[in-house]
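Please read this report with the structure open beside you.

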Amino acid sequence: MEHLYLSLLLLFVSSITLSLFFLFYKHRSHYATPNLPPGNVGLPLIGESLDFLSSGWKGHPERFIFDRITRYSSQVFKTSLLGQPAAVFCGAAGNKFLFSNENKLVVAWWPDSVNKVFPSSTQTSSKEEAKKMRKMLPNFFKPEALQRYIGIMDTIARRHFAMGWEGKDEVTVFPLAKRYTFWLAARLFLSIDDPSHVARFADPFHLLASGIISIPIDLPGTPFNRAIKASNFIRKELRAIIKQRKVDLADGKASPTQDILSHMLLATDEDGKHMTELDIADKILGLLIGGHDTASAACTFVVKYLAELPEIYEQVYKEQMEIVKSKAPGELLNWDDIQKMKYSWNVACEVMRLAPPLQGAFREAINDFIFNGFSIPKGWKIYWSANSTHKSGKYFPEPEKFDPTRFEGEGPAPYTFVPFGGGPRMCPGKEYARLEILVFMHNLVKRFRWEKLLPDEKIVVDPMPMPAKGLPVRLYPHKA
């Protein structure tokens with residue numbers, strides 16, 4: 001019997017040893033190509049992922065980038081992230097190369113966890129679905145279409161501030177900003193206007209958003225598991241909305257042009273086929289994520305910096321009150337008003353430079369190529385980081401200083417200010433985000449001054465920047 005136990009133990013140890021050997025061999029084989037960029041690849045599977053993520057959890061994601069730029073004296077370095085061999089491209093030249101070679105040398109890449117949270121109803125990958133979406137969106141997000149939404153945005157902003165801010169001494173900003181941007185997305189994409197209906201989506205939606213880029217362990221209680229459950233719940237709700245809209249369109253109770261949902265129901269592909277209900281639900285789900293998550297972070301940090309910088313607040317307040325004085329009581333904002341918010345938008349841009357809602361993104365090399373004299377093998381993942389330019393003194397002198405004048409005149413050099421990405425994959429909702437941020441700023445500063453309740457509140461980046469306690473503030477309403 002002892003011999004049997006000993007044999008089993010030896011077999012177990014041998015299998016573990018072989019597995020570890022295989023892992024190390026496979027890990028090292030990814031880096032056998034000659035002339036790779038300098039860098040460290042860490043341990044198998046883990047790589048440098050913990051260092052990459054923890055720099056964000058500590059509130060300084062740029063340190064992962066700048067520490068390695070300094071260590072290797074290079075604007076490109078190799079690493080291993082999320083279990084993948086990777087190269088990190090830094091600086092304006094790295095951004096330009098990637099944005100200019102989209103679909104030539106590189107394509108968008110997401111971790112497998114994203115495909116599990118967003119399982120497409122079609123037999124195509126997330127990147128194929130994303131390509132289809134980008135073809136569909138320009139009509140909805142072009143300036144002439146967006147002009148029609150400003151009054152709706154202002155109406156929702158007024159209702160939002162009346163319900164969530166007015167009459168309160170203290171509020172927590174980040175949850176309110178998420179509520180505002182989600183309400184806008186629900187109204188403009190789906191024509192959902194009832195706050196209780198919006199609220200029904202909100203909680204599962206935030207579970208989904210926080211679990212998309214998480215460790216993909218599908219066990220009860222993990223963020224990843226909660227995200228999958230939330231995704232299934234929202235998709236079910238969306239299908240009910242889609243079925244009702246089909247009926248309303250057939251009965252003439254809904255307009256073919258009233259929102260993205262109607263547009264998707266009536267759109268056909270090259271073969272004249274309509275999208276399935278499940279396919280539309282998938283796409284709307286992705287849009288709702290993109291349509292509110294990054295903007296809510298930007299709105300929150302606008303509040304943070306305006307609290308910290310009273311001289312900046314005064315100039316924003318002055319600009320916005322000029323617009324208020326030019327309008328009749330109760331008159332909604334319009335396109336001309338938005339065009340007058342030049343200083344306010346410069347402030348918002350400086351906020352997004354210092355706290356970029358989109359920290360960066362991954363690409364995948366679809367061919368072998370050379371960058372900066374180094375070989376990048378086909379199949380490698382490439383990460384670009386907004387912070388590599390946003391927080392570099394080479395592109396922005398005194399990078400930690402808040403200075404909206406950086407955006408006057410010609411503004412920053414090309415490929416240095418990239419809060420919305422760039423090239424063919426630049427966020428198609430960039431102008432939409434500009435409108436929702438400016439409408440938020442207008443409605444906020446015309447009502448209140450405020451101060452932070454936690455002067456030294458920590459900032460966490462996971463994967464977007466957010467105040468650790470949600471940014472509680474004390475409100476001081478303007479006297480009538």
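An open sheet is built from 5 strands in the order E1-E2-E8-E5-E3, and its pairing is mixed. Its edge strands are E1 (76–81) and E3, each of which pairs on one side only. On average, neighbouring strands of this sheet are turned by 35° against each other, direction ignored. Two strands count as paired if DSSP finds at least two bridges between them. Helices (H or I, at least four residues) and strands (E, at least two) are DSSP runs, numbered from the N terminus.

This is a predicted model: local features need pLDDT of at least 70, side-chain atom pairs count only at pLDDT 80 or more, and totals for chains, interfaces and linings use all residues. Residues are numbered from 1 along each chain as its sequence is written, and side-chain values use heavy atoms, with hydrogens and water left out.

**Strand pairing**

| Strands | Sense | Bridges |
|---|---|---|
| E2 (residues 84–89) and E8 | parallel | 4 bridges |
| E5 and E8 (residues 381–385) | antiparallel | 5 bridges |
| E3 (residues 106–108) and E5 | antiparallel | 3 bridges |

Which residue of E8 stands opposite Phe-89? Trp-384 does.

Strand E5 (residues 360–365) is mostly covered, with 6 of its 6 residues buried. Buried means under 20% relative accessible area, exposed over 50%, and partly exposed in between (1.4 Å probe, protein chains only). Both faces of E5 are covered. Gly-360, Phe-362 and Glu-364 lie on one side, and Ala-361, Arg-363 and Ala-365 on the other.

Helix H3 (residues 62–72) lies across E1, E2 and E8 and runs at about 130° to E1. Contact here means heavy atoms within 4.5 Å. Axes are lines fitted to C-alpha atoms, for helices over the stretch in contact, and angles run from 0 to 180 degrees between N-to-C directions.

H17 (residues 342–354) has 13 residues, which should span 18 Å at 1.5 Å a residue; its end C-alpha atoms are 19 Å apart, which agrees. The expected span is 1.5 Å times one less than the number of residues. H17 is mostly covered, since 12 of its 13 residues are buried. Among them are Tyr-343, Trp-345, Glu-350 and Arg-353.

H11 (residues 195–211) has 17 residues and reaches 24 Å from its first C-alpha to its last, close to the 24 Å expected. Where does H11 kink? At Ala-202, by about 30°, shortly before the proline Pro-204. The bend at a residue is the angle between axes fitted to the seven residues ending there and the seven starting there. Ala-202 and Pro-204 are both buried, as are Phe-201 and Phe-205.

**Loops with positive phi**

Most residues other than glycine have a negative phi. Ser-191 is not a glycine, yet its phi is positive, about 60°. Ser-191 lies in the loop between H10 (173–190) and H11. Ser-191 is partly exposed, with a relative accessible area of 26%. Tyr-415 is not a glycine either, and its phi is about 70°. Tyr-415 lies in the loop between H18 (387–390) and H19 (430–445). Tyr-415 is partly exposed at 31% relative accessible area.

**Cysteines**

How many disulfides does the structure hold? It holds 0. A disulfide is counted as a pair of cysteine sulfur atoms within 2.5 Å. Cys-90 is buried, with a relative accessible area of 2%. Cys-349 is buried too, at 5%.
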